[in-house]
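Morning, everyone. Please bring up the model on your screens, and I'll walk you through it.

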Amino acid sequence: MMRVGHDGCESSANMTDALIDGLVSVFDDIKTGVSMRSFARQHFPSGIEPLQVQVAMYAQGIRYHNSQSRRANNALKGLHKPEEILHSLAAEERSLVYMGRLELKRRRQHAAALAAAKEGRMARLRAEQVVFNETHGLPNLPRIFTPFEADELNLGRPPEDQLEVMPSGLLRHHCTFPNCPDYLVNLSTKNDRDLGFRNGLFRHLRFCRVGSDRSYWPGYHATCVSVYRTHHGADKKKGFVTRVTSRYEVGGRADRLNSRNRNHLVAMTNAMFDFLEQNKNKKNEN
């Protein structure tokens with residue numbers, strides 16, 4: 001095994017330095033004469049500025065940076081007219097910048113138009129809601145029907161516009177708010193009649209779901225009627241309100257309750273109890 005001491009390392013380093021110096025001196029002795037100036041003067045007509053040729057080559061290299069772009073429609077132009085190349089590339093760049101800015105402007109205008117249209121729709125809906133709230137919700141409550149009452153009314157109604165009572169006492173396709181302009185008007189659509197939906201009525205009552213102090217309580221009237229029929233006690237009204245509101249304080253319905261909605265629910269349930277009591281007294285009188 002060969003051992004190399006410190007003297008061997010130093011001699012090897014000296015040899016490397018000598019080799020580098022020798023190679024550099026060889027290349028220094030070679031006079032290639034290759035430069036952009038000499039290249040332009042040798043291969044292009046007189047009067048062409050070598051710097052323009054170099055800039056045109058650089059600009060084309062940036063613009064057509066891969067073989068696919070260079071092959072497309074013979075994109076590369078000869079360098080014998082560098083000014084035309086630079087003017088063409090500059091015009092193309094200005095056009096791209098302009099089209100990009102124009103597209104951004106169109107998008108801003110489109111977004112502004114959509115926002116204005118949305119605000120217009122919201123303003124119209126808010127105006128419609130004001131009118132709706134005058135006849136729906138406290139102090140206006142829907143009339144609760146019995147099958148007997150519906151049968152009596154159906155005697156004077158056409159066969160295609162019969163009232164259908166739901167278990168809650170409301171009607172399947174008719175608004176039961178007495179002050180509503182569409183009171184007892186058939187609001188069903190063709191799909192409702194063919195497929196058994198109630199979308200027409202729900203569209204009419206859509207504003208019941210809107211507003212910070214209003215909320216849609218699923219199955220509310222059915223709950224009230226069921227609790228009213230089964231609840232008995234000394235303070236019937238208080239127990240009725242407690243039992244009804246407790247149905248909406250658990251599970252997925254609890255997130256509907258905030259302070260304003262809770263107050264609205266309690267007030268509406270109190271009014272609903274009074275309404276059911278009045279209905280009961282009227283039936284007893286009849």
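Start with the fold pattern. Along the sequence, the protein chain reads α-α-α-α-α-α-α-α-α-α-α. That comes to 11 helices and zero strands. Helices here are DSSP runs of H or I with at least four residues, strands are E runs of at least two, and numbering goes from the N terminus.

A word on the ground rules. This is a predicted model, so local features need pLDDT of at least 70, side-chain atom pairs count only at pLDDT 80 or more, and totals for chains, interfaces and linings use all residues. Residues are numbered from 1 along each chain as its sequence is written, and side-chain values use heavy atoms, with hydrogens and water left out.

Now the whole-chain numbers. The protein chain has 286 residues, and 30% of them are buried. Buried means under 20% relative accessible area, exposed means over 50%, and partly exposed is in between, with a 1.4 Å probe and protein chains only. The accessible surface is about 19,900 Å², and carbon and sulfur atoms hold 56% of that. Those areas come from the Shrake-Rupley method with a 1.4 Å probe; for residues, only the protein chains shown count as cover. Next, contacts, meaning heavy atoms within 4.5 Å. Take the contacts between residues at least 6 apart in sequence: 61% of them join residues at least 24 apart.

On to a helix pair. Two packed helices are described by the angle between their axes and the distance between the axes. Helix 3, residues 50–63, packs on helix 5, residues 82–133, at about 35 degrees, with the axes 9 Å apart. The axes are lines fitted to C-alpha atoms, for helices over the stretch in contact, and the angles run from 0 to 180 degrees between N-to-C directions. The crossing of helix 3 and helix 5 is left-handed. That term applies when the near helix is turned anticlockwise from the far one by less than a right angle; clockwise would be right-handed.

Which residues meet there? From helix 3, they are Gln-52, Val-53, Val-55, Ala-56, Ala-59, Gln-60 and Arg-63. From helix 5, they are Pro-82, Glu-83, Ile-85, Leu-86, Leu-89 and Glu-92. By class, that contact has eight nonpolar, two polar and three charged residues. Nonpolar covers Ala, Val, Leu, Ile, Met, Phe, Trp, Tyr, Cys and Pro; charged covers Asp, Glu, Lys and Arg; the others, Gly among them, are polar.

Stay with Pro-82, in helix 5. Pro-82 counts as buried because its relative accessibility is 5%. Beyond four places in sequence, Pro-82 contacts Ile-48, Gln-52, Val-53 and Ala-56. Pro-82 and Val-55 sit 27 residues apart in sequence, yet 8.1 Å apart C-alpha to C-alpha.

Next, the cysteines. How many disulfides does the rule give? The count is zero, where a disulfide is a pair of cysteine sulfur atoms within 2.5 Å. Cys-175 has its closest cysteine sulfur in Cys-180, 3.8 Å away, so the gap is too far for a bond. Both residues are inside: Cys-175 is buried at 1% relative accessible area, and Cys-180 is buried at 5%.

His-204 links to this region. It lies in helix 8, residues 199–204, and is buried at 15% relative accessibility. Outside its sequence neighbours up to four places away, His-204 touches Phe-132, His-136, Cys-175, Cys-180, Asp-182 and Leu-187.

Now the loop between helix 6 (147–154) and helix 7 (190–195), where Leu-163 lies. Leu-163 is buried, at 6% relative accessibility. Leaving aside neighbours within four places, its contacts are Ala-150, Leu-153, Asn-154, Arg-157, Leu-171, His-174 and Leu-184. Leu-184 is in that loop too. What about its backbone? Leu-184 has a positive phi of about 60 degrees, although it is not a glycine. Leu-184 is also buried, at 13% relative accessibility.

Last stop: Pro-142, in the loop between helix 5 and helix 6. Pro-142 is buried, at 3% relative accessibility. Setting aside neighbours within four places in sequence, Pro-142 contacts Leu-170, Thr-176, Phe-177, Pro-178, His-221 and Phe-275.
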